[in-house]
Amino acid sequence: MHLRTSSERAVYFTLVAQLAESWSAVEIAGLKDVDLRTVEAVLARYTEAGVVDVVDSVTGLRYRWRSDMSYLFGAGSSAVTVIDPVCGMTVADGTPYRLEDGSRTLWLFCSILCLATFKADPQTCLSPRQVHCDKEQQ
Ligand SMILES: [Zn+2]
């Protein structure tokens, strides 16, 4: 999974900006002025990738970013993909760009640039209110 388009980034940053909130496709489309079908397609991919939780509410499906997912993957597991916390793209477990934080958290990055960005300022990259680390795109 790759944040290939501005629409995908718009959906991603909407979700990660309010980790406690769930969003419907209509809300994201209205908020970000993105075509509804595009938003739904992006959400479908995120759901498939397992990075969002889907909440079935009375008003329809709502989506919430799985902020806890970084803890689900331990070091050494194979065939696992995780989200690069800097740029938001999916990274394979075999990536050489990795950073272990104690024994619990393993961060994986798509490139040396994202790893360097994260090392330089992890709090900024992880802060849901200041997600501005998307300038590096592969
Ligand atoms: Zn990256």
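Biologist: Why are H1 and H2 called roughly perpendicular to each other?

Modeller: Helix H1 (residues 6-17) and helix H2 (residues 25-32) pack at an angle of about 110°. That value falls within 65 to 115 degrees, so H1 and H2 are roughly perpendicular. Their axes are 10 Å apart, and H1 passes H2 in a right-handed crossing.

Biologist: Which residues in H1 and H2 meet?

Modeller: From H1 come Ala10, Val11 and Thr14, and they meet Ile28, Leu31 and Lys32 in H2. By class, this contact has four nonpolar, one polar and one charged residues.

Biologist: How many nonpolar residues does the contact of H2 with H3 have?

Modeller: Ala25, Val26, Ile28 and Ala29 in H2 meet Leu36, Val39, Glu40 and Leu43 in H3. By class, seven are nonpolar, none polar and one charged. Glu counts as charged, so Glu40 is the charged residue.

Biologist: Over which residues is the pLDDT below 50?

Modeller: The mean pLDDT of the protein is 77, and 75% of its residues reach 70 or more. Residues 70-79 are below 50, with 14 contacts beyond near neighbours in sequence. Residues 129-138 are also below 50, with 22 such contacts. Where pLDDT is low, predicted coordinates should not be read in detail.

Key:
Residues numbered from 1 in each chain as written. Predicted model: local features only at pLDDT ≥ 70, side-chain atom pairs only at ≥ 80, totals over all residues. Axes fitted to C-alpha atoms, helices over the stretch in contact; angles between N-to-C directions. Helix = DSSP H or I, 4+ residues; strand = E, 2+ residues; numbered from the N terminus. Parallel < 35°, antiparallel > 145°, perpendicular 65-115°, else oblique. Left-handed = near helix turned anticlockwise from the far one by under 90°. Contact = placed C-beta atoms within 7 Å. pLDDT = per-residue confidence, 0-100.
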